[in-house]
Amino acid sequence: MRFKLLLVALALIAAENGFAQKKENKPQDWLISGAAPYQSRIAVDGQNIVLDNGLVRRSFWIKPNAFCYDFTNLNTGQQLIRAVQPEAQLQLNGKWYNVGGVDGQKERAYLRPEWMPTFTARPEDFSYVKHEISELDPLLPWKGDKWWSTHKAAGKGKVLTFTYAAPAVAALSGIEVKVHYAIYDGIPLISKWVTIQNSGNQTVQINQVINEKLALVEEESAVVGSVEDMKKQHGLYVESNFAFNNAMRYHLSDQSLHWKADSTYTSQVNYDLKTPAIMEVYPTVGVGVKLAAKDSFSSIRSWELLMDSYDRERRGLAIRKMYRTIAPWTTANPIFMHLVSKKDEQVYTAIDQCAATGYEALILSFGSHVNMEDTTAGNLAALKKLADYAHSKNIKIGAYSLFSSRKISEADDIINPKTGKTGGTFFGNAPCFGSNWGIGYAQRIKTFFEKTGFDIWENDGPFPGDQCASTSHPGHHGLEDSQWVQFNMQKQLYHWLNARGVYINSPDWYFLDGSNKTGIGYREVNFSLPRENQRILNRQNIFDALWEQNPSMGWGFVPLTAYQGGGKEAVLEPLHEHQEDYKQLMMQYYGAGVQACYRGPRLYDTEQTKQTVIDVIQWYKKYRTILNADLIHLRRADGRDWDGFLHVNAAEKGSKGLGMLFNPLKTAITRTIEIPLYYTGLKGAAKITFDDKTVKTASLDHLGKTTMTITIPAESYRWFTVE
């Protein structure tokens, strides 16, 4: 027996040493290289199954039940797993069940391979039956040919699926669970989700599904400290497609990541055993649905991205690459105007102005005369006429629709579980997606897009996570399943639109279910401040938003007429009187790769203003690919000195970098600025061109940095390209 254990341990160690040797011969930085050097594979060697792409390795042992024993960052060598856990946990009919997992690990601070053959299975757990390997399908069937985007297709990879049989419990007869793991080419990323099939003859209540549970190495050790206060493991970034609350930042919108103490980890430093050493992923409120006979269920899906640095920029670059890999529709970035219209004639004029200046899309903003919920034949025919005219000018067209923060009726609104009455929701009043009105709303939106040919949906106040205590709404049974059902109804609508190529603006974090863009984060009343203030505040908004999202994922705001109050010093109309402010606001946004909502009745009012708009749009289109690339943060705007940012793309054949530098002061300044060009992929030297005119050859140090001295005019900007 001891000899057999020794052989198993040696085999596992040899496998890990083989992967370590592969790591030593790794190609260049994965944030600079393409996916080719890091192809995914799933290797099966007896009881051992390993997912690996040269950047991340996740390994499983399948006897006497399947469990994960290894989760390694091959770029740093960091091992994340300290102890075994079940592969998922389910609460069915009110009782908890483990899916996979084993007993027998006595020391929980670390895991030695030679212990593994002594582990035992529990008869009350779901047990391993088989595994399957397949190619990775795209998350959604997005049609990338309709919009300008940097990425037309999702990243490729492999999927490992474990099938588990239910324990011998009569209430679970016919229940089968599959746990899926997807590994992606070119990025240290693994996705995980759970599906449940009810092949039996009785309904099963799914109370909760924990699709991931990891006993992770702790980030810090402290004698005293709580789960909430102590640092969490920084080597792993986790995101799921279960996020909402209007924060316009994922970590604030997330409703699924949970850090917990591990009372079985008795050798930890913390005397109260409160170290955050268990990471779980599940919807906080719960699922609460009834799984009928012959029906199936899919859990939320989580993505686990291994981090190799504490540097904020590098961590952000990794997250941005994750979005481009799994959700390519987030890289679509049409040039659009926001029109406030009262009649069709204004729409036709705006379409003509868009076509004349190089704009690509027109969105009929809030307060406009279009009602998407009116599906009468006359209204749909009139709107189709507008869409046909826009398309004849090669302009996409969209419209605004409000869901929440409105009252429909006592019968259709969310019932507050605390009061038993309507009101008191996230937005004050809101309809329930599971009500008759909510079900009809989704169908009306589909009818609108089917019949009119519109291309863009600006969905405001979408489902914010409200629970509904109604027991009469046809879409959900009661309070317990109301959040899950409503959110999934919205997901289904977004999936339907995404598959049709409809572009979705939504002020919440629905990117992983088909949304294209959300707000970058701004305070609307700030647009009533003087234009000088707005320029600086807008640059701060851009700088702050683009740490963990690509430029294409956020919209800014440029109200051309009075908005939220403000005097003459705040507005841009008449545009020809404030042409320099108008141009600089456009250059700030387009220079960041961020589309702003230019909200007003027109894009230009004179030939001179028209030419200014044309010049900016032509400049943007000339450098569009690099302007939509990763943004490196140089210096945040503070009104005291220069500020700026730099776009980088090592894969770009032309300009591998483009920088924007701004001077908020009322006098010209000359500054010597350090420019980090590591992520351009250039080595030794770079050609820097200022304002498409002056060319300079700069030498780069071993970290890819150079310095340059530049003069920036008063209250203006300079830009440069890097080749």
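Modeller: We can take a helix, then the pockets, then a loop residue. Keep in mind that this is a predicted model.

Biologist: Fine. What is the residue range of α6, and how far does α6 reach?
Modeller: Helix α6 covers residues 436–452, which is 17 residues. From first C-alpha to last, α6 reaches 24 Å. That is close to the 24 Å expected at 1.5 Å a residue.

Biologist: Which residues of α6 are buried?
Modeller: Trp437, Gly438, Gly440, Tyr441, Ala442, Ile445, Thr447, Phe448, Phe449 and Thr452.

Biologist: Why would residues three or four places apart point the same way?
Modeller: An α-helix has 3.6 residues a turn, so residues at that spacing point the same way.

Biologist: What comes just after α6?
Modeller: Gly453, with a positive phi of about 80°.

Biologist: Switching to pockets. How much space lies in the largest pocket?
Modeller: About 740 Å³. The largest pocket is lined by 29 residues. Nearest its centre lie Ser298, Trp484, Asn488, Lys491 and Gln492.

Biologist: Which elements give two or more residues to that lining?
Modeller: β17 (289–291), β18 (296–298) and α7. The largest share comes from α7, with eight residues.

Biologist: How much space is in the second largest pocket?
Modeller: About 610 Å³. Of the 29 residues lining the second largest pocket, Ser33, His151, Lys321, Arg324 and Ala651 are the closest to its centre.

Biologist: Last topic. Where is Leu682?
Modeller: Leu682 sits in the loop between β31 (669–676) and β32 (685–690).

Biologist: Is Leu682 buried or exposed?
Modeller: Buried, because its relative accessible area is 17%, and the cut-off for buried is under 20%.

Biologist: What does Leu682 touch, leaving out residues up to four places away in sequence?
Modeller: Lys656, Leu677, Leu700, Val722 and Glu723.

Biologist: How far is Leu682 from Leu700, C-alpha to C-alpha?
Modeller: They are separated by 8.3 Å, and lie 18 residues apart along the chain.

Conventions. Residues numbered from 1 in each chain as written. Predicted model: local features only at pLDDT ≥ 70, side-chain atom pairs only at ≥ 80, totals over all residues. Heavy atoms only, no water. Helix = DSSP H or I, 4+ residues; strand = E, 2+ residues; numbered from the N terminus. Expected span 1.5 Å × (residues − 1). Buried < 20%, exposed > 50% of the residue type's maximum accessible area, 1.4 Å probe, protein only. 1 Å grid on protein atoms, 1.4 Å probe; cavity = no way out; pocket = protein on both sides within 12 Å on 5 of 7 lines; lining within 4 Å. Points joined across faces, edges and corners; volume = space filled by probe spheres on them. Contact = heavy atoms within 4.5 Å.
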